[in-house]
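Biologist: I have the structure open on my side too. Could you walk me through it?

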Amino acid sequence: MYCLLKLAPLFLALAVCHGWLFDNFVEKQTELDEIALWPLPQKFQSSDAAFKLSHASFQIVHSKQSSAGPSCSLLENAFRRYFEYIFGDMKKHEKSRKKMYDSDLAELQVWITSADPECDGYPSLRTDESYELSVDQPSAVLKAANVWGALRGLETFSQLVYEDDYGVNNINKTEISDFPRFAHRGILLDSSRHFLPLKVILANLGAYHPFTHVYTPSDVKMVIEFARMRGIRVIPEFDTPGHTQSWGNGMKDLLTPCYSGSSPSGSFGPVNPILNSSYDFMTQFFKEISTVFPDAYIHLGGDEVDFSCWKSNPDVQKFMAEQGFGTDYSKLESFYIQKLLDIVASTNKGYMVWQEVFDNGVKLNADTVVEVWMGNKMEEELQNVTGAGFTTILSAPWYLDYISYGQDWQRYYKVEPLNFPGFEGTDAQKKLVIGGEACLWGEYVDATNLSPRLWPRASAVAERLWSDKNVTDVGKAYTRLVQHRCRMVKRGIPAEPLFVGHCRQEYKGL
């Protein structure tokens, strides 16, 4: 099976820059740090006025007007996490100083304005992630409707902090108003081709834990909770009827026996669509899945079904004739998918599917999300799917498992989701494109190379899906992304370099 982690913010907890590429970079530090935010906020204004931050006296606190308070564990944990991100190694340096310096900026006040701060909730497709950030003396103020916007603002605040020549943390007077351009901003991790240890999955969310080669219910619960604390949605993909060889090891008679001539060959193909027992199992399985994963959606796959095994099986051939399908095995696939969709709909979950399900004419619920992944017919597919009124996610331009020499992040960065040549969609159609995903399939990826292959290349997709559509300057993006990559390195993420150069603090995991 595929484990599909939809990380709603590709704006993952990765911040605080301590990386310089050029000898004279420190002289330009104030200017460059002002524009080193990633992704770039919608509205941003900063001045040369700089304020010092001291570990000994600076605080992140709840505003008196805020509907959230110390009982909001999500924010309390975030306050501690971002305090550590901001100061990190500074704490031990400050202890060694003969004279401690005072903070010009006393605190960051976090003000949640809605009556329900959603401290115990989960982020969703309709989550309001907007925030406003004002940095001025004596207090900075982060204002958001709920905890999810506050998490985004905390990340931005941490990225504004920089270290001067004397090792003192500074932040410039700043005003920011920000919100994501697209609601769905995801990363797909493939845990079927190679087992991804829990430690690696959590590391990409910002945490660590011991691991085994089985995802237990408690493991899944842990991933979901770690994700929730960071404002990240977790959507599982259980792909059927194809890509299911591993399923057969756990459920007898679930897969179709393949034939060689008139005799079974001993191999097995996709899920057997002609047996009632297959659907009984799927009913039981997805009923359990719907209680384990809190998100409103489950991804049902439906892509790349190999028909050769079905074609070889005499029982399947007989069933095809009885149903009047002739020799069109895509109709058999649609027969299976239709039953599966009805099963999942009965659990009150919405579903996402790959584009083949739509292409094969399966009757879909109005709220179905269709994921467009085939690059050779992307424009046509966008036109057809949105023209039929379905919500769409785009992943075709952002398959990160494809590796090429050079700075391929630029290719991902230059994609404009609503302006592909040949996609002549109306404004109503374009509104149905709710975002996209960076996909990292696992044929050649496991725990040893997942993080460096993912980051910072996925960051290019992050900015494309968050920032304003006019933020397209690759040269300026490179300057910021070099620093953003150094932020990741400082936080222990082995993000690969964009080009020649170095970070002030190199990766300590070697």
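This is a predicted model: local features need pLDDT of at least 70, side-chain atom pairs count only at pLDDT 80 or more; totals for chains, interfaces and linings use all residues.

Biologist: Start with strand S12, then. How many of the five residues of strand S12 are buried?

Modeller: Five of the five residues in strand S12, which spans residues 350-354, are buried, so the strand is largely enclosed by the rest of the structure. Gly350, Met352 and Trp354 point one way, while Tyr351 and Val353 point the other way.

Biologist: And which way does S11 run against S12, parallel or antiparallel?

Modeller: Strand S11 (residues 297-299) and S12 run parallel and are joined by three bridges, with glycine 350 in S12 as the bridge partner of tyrosine 297. S12 is also joined by three bridges to strand S13 (residues 369-372), again in a parallel arrangement, and there valine 353 has valine 370 in S13 as its bridge partner.

Biologist: OK, changing topic: which residues have the most contacts inside the largest nonpolar core?

Modeller: That core has 80 residues, and those with the most contacts inside it are Met282, Phe286, Leu300, Leu364, Trp409 and Leu454. Leaving aside residues up to four places away in sequence, leucine 364 touches Leu341, Tyr351, Val357, Phe358, Val370 and Phe390. Another core, of 39 residues, lies apart from the largest one, and Tyr85, Leu105, Cys119 and Leu142 are among its members.

Biologist: Now charges. How many salt bridges does a search of the whole structure find?

Modeller: The search finds 15 salt bridges, and one of them is between the side chains of glutamate 129 and arginine 152, at 2.8 Å from N to O. Glutamate 129 sits in the loop between strands S3 and S4 and arginine 152 in helix H4, so this pair ties together parts that are 23 residues apart in sequence.

Biologist: Are those two buried or exposed?

Modeller: Glutamate 129 and arginine 152 are both buried, and they belong to a network of salt bridges that also includes Arg185.

Biologist: What about glutamate 416, which residue does it form a salt bridge with?

Modeller: Glutamate 416 forms a salt bridge with arginine 181, with the closest N and O atoms 2.8 Å apart. This pair links distant parts of the chain, 235 residues apart, since glutamate 416 is in the loop between helices H14 and H15 and arginine 181 is in the loop between strands S7 and S8. Glutamate 416 counts as buried at 18% relative accessibility, whereas arginine 181 is partly exposed, with a relative accessible area of 23%.

Conventions. Residues are numbered from 1 along each chain as its sequence is written. Side-chain values use heavy atoms; hydrogens and water are left out. Buried means under 20% relative accessible area, exposed over 50%, partly exposed in between (1.4 Å probe, protein chains only). Helices (H or I, at least four residues) and strands (E, at least two) are DSSP runs, numbered from the N terminus. Two strands pair if DSSP finds at least two bridges between them. A nonpolar core is a set of buried Ala, Val, Leu, Ile, Met, Phe, Trp, Tyr and Cys residues joined through side-chain atoms within 4.5 Å. Contact means heavy atoms within 4.5 Å. A salt bridge is a side-chain nitrogen of Lys or Arg within 4 Å of a carboxyl oxygen of Asp or Glu.
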